[in-house]
Amino acid sequence: MGCVGSVNVDHDASLSFMKEWRSGGKGKDFLVMGIKDQNMVGKVYFSGEATSDPDLVASLDAVLKKTRGDARRGRDEYDHLWDLVWHNTKMTSGYQFMSMKKPFFPIGKNVVQLMDALGTHGFVPFASPNYGGPVGDKASVDWPMIILKKDSEGLYKAETLFLAMKDQNIPGKLCACGPPEVVEKLKSNLTNALHQHSKEVRVAFDEYDTASEWDIVWQNTNITSGMQAFSLAKPYFPKGKVVLSVLTEIYKLGWELVCGPNFGGNSVDWPCFVFKRLKSKAAQLPLAPLAFGAIKDQNMPGKFCLSTTASHLQDVTKTISEALRRVKGNEGLKVEKDEYDADHDQVLRNTSITTGMQAFSLRTAYFPRNDSVLAITRSMGEKGWKLAACPMFGGMGASWPCFVWQYTGKKMQTALVAIKDQSWPGKVCVGGVEPEVGDALLVAFKAMCGPDVKKGLDLYDQDFQFSIRNTKMTTGQAFCSMQNSWWPYGFPMEVILGELQAFGWEPAGGPAFGSMQLSWPAVIFQREVREVEAA
């Protein structure tokens, strides 16, 4: 599995296809970024037509060279199916073999400077599917991909506010980086909000999270359930009420959540939030009606945990529960909390949102169910809730995909693309789109991955609309090679984005499903439902 390691894949043919495909105008609004810090040479990758813009390239070059003195633009034999690559970059803390510092934790100021540079050229991050998989029987890799799109409506300023949660640490921390006046306001407002959940919270740097990397650090935070070494409670599951209070304080300042990337590797996960400042005050939602949902399928029973404002809780609970009960496997759903659910406003029990454990089956474990995911997201969209981001929490082998919605009153429709490279055959599973999308993707993947690519469903993908089989979205398990395993390719994702955008679909979130060493990247697309006026 994997284009780079496969002798039957012609990289020149893939590049030729992309040139022809882009000439038709598809995908020109998108820029795909990949971060490869879990590598001996840190790298940052870009794919998209915009990489031919010399001004954009110069801006990126200036920022990425600041991350490390010897960073440079280049290319080697491991960099196929991307347009531009910078080598020797430093976006995270990297490996930490002989240190108490945590590995692969993002460097806030480097991330913000990069996002600000992209924002200056009109690009805003809108989704962040997380790739990865096993390296041997103990270690694993984690590859953040960030999907950016031109802000064609001019909604956002170039400035970025970046938050990273460090609960897989003692003490728990919340680190932030952004404009000074915003950081100063958060020092008061967000500290007060966090004190409602943990009186020990204080603002302080230490030797592991310094002012050279972050603008502010809150210590003794309690945003997830923590390690849970001697408990039946699940480790590092997000506390919905706490997450919602953090988001609400930032929305009050005129910022919107646009993306929820996940950094990490080797059993550590660092959930992050990327916010952009709204240009128009009229576009800001003064009361910030938000909703947070977390999938707890790696649990018995399966749960979907909800937190939102009191005035919306009953309607949101009813909306999602009624939609899920109509999906096979969710008929026994109950609205009921237990002793493990105190940190959430409401809980739906006996849910089946993924394929589950699959201990005695050839079916892949914890792969997202198209019918269940679309039941949740489409029912919320029908009620005027727009999907803002899909952050992922986790740690110690646990994986908790989440949803953040904001209420706009505009009806939204959703679609799902789920990537199954850690399987044989590799697949791209799609649900909720027009049939023509499948035909276009079939042509593209045949060009990039070979003539064995087919469109169809098997016994394991019946809940999806169709799947493209024998695909190669990543390098796969790279045996006997210096290539990194499960590293994603930019070109295939760019094609998926462009073909769906042709029918009005825009990326809204990149939930990461899986368990232990299993990793199933996904992208949820959405579009506004416009009423057809009578002739």
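I began with aspartate 461 and lysine 420, whose side chains meet in a salt bridge at 3.0 Å, N to O (a side-chain nitrogen of Lys or Arg within 4 Å of a carboxyl oxygen of Asp or Glu). The pair links distant parts of the chain, 41 residues apart, with aspartate 461 in the loop between strand 24 (454-456) and strand 25 (466-469) and lysine 420 in strand 22 (strands are DSSP runs of E, at least two residues, and helices runs of H or I, at least four, numbered from the N terminus).

The model is predicted, so I note that local features need pLDDT of at least 70 and side-chain atom pairs pLDDT 80 or more, while totals for chains, interfaces and linings use all residues. Residues are numbered from 1 along each chain as its sequence is written, and side-chain values use heavy atoms, with hydrogens and water left out.

Are these two partners buried or exposed? Aspartate 461 counts as buried at 0% relative accessibility, and lysine 420 is buried at 2% (buried is under 20% relative accessible area, exposed over 50%, partly exposed in between, with a 1.4 Å probe and protein chains only).

I then looked up glutamate 382 and lysine 411, which form a salt bridge at 3.2 Å, N to O. Glutamate 382 lies in helix 7 (residues 370-382) and lysine 411 in the loop between strand 21 and strand 22 (412-420). Glutamate 382 is partly exposed at 43%, as is lysine 411 at 33%.

Over the whole structure, I found 30 salt bridges, and Lys303, Glu336, Asp338, Asp341 and Arg349 are linked in a network of them.
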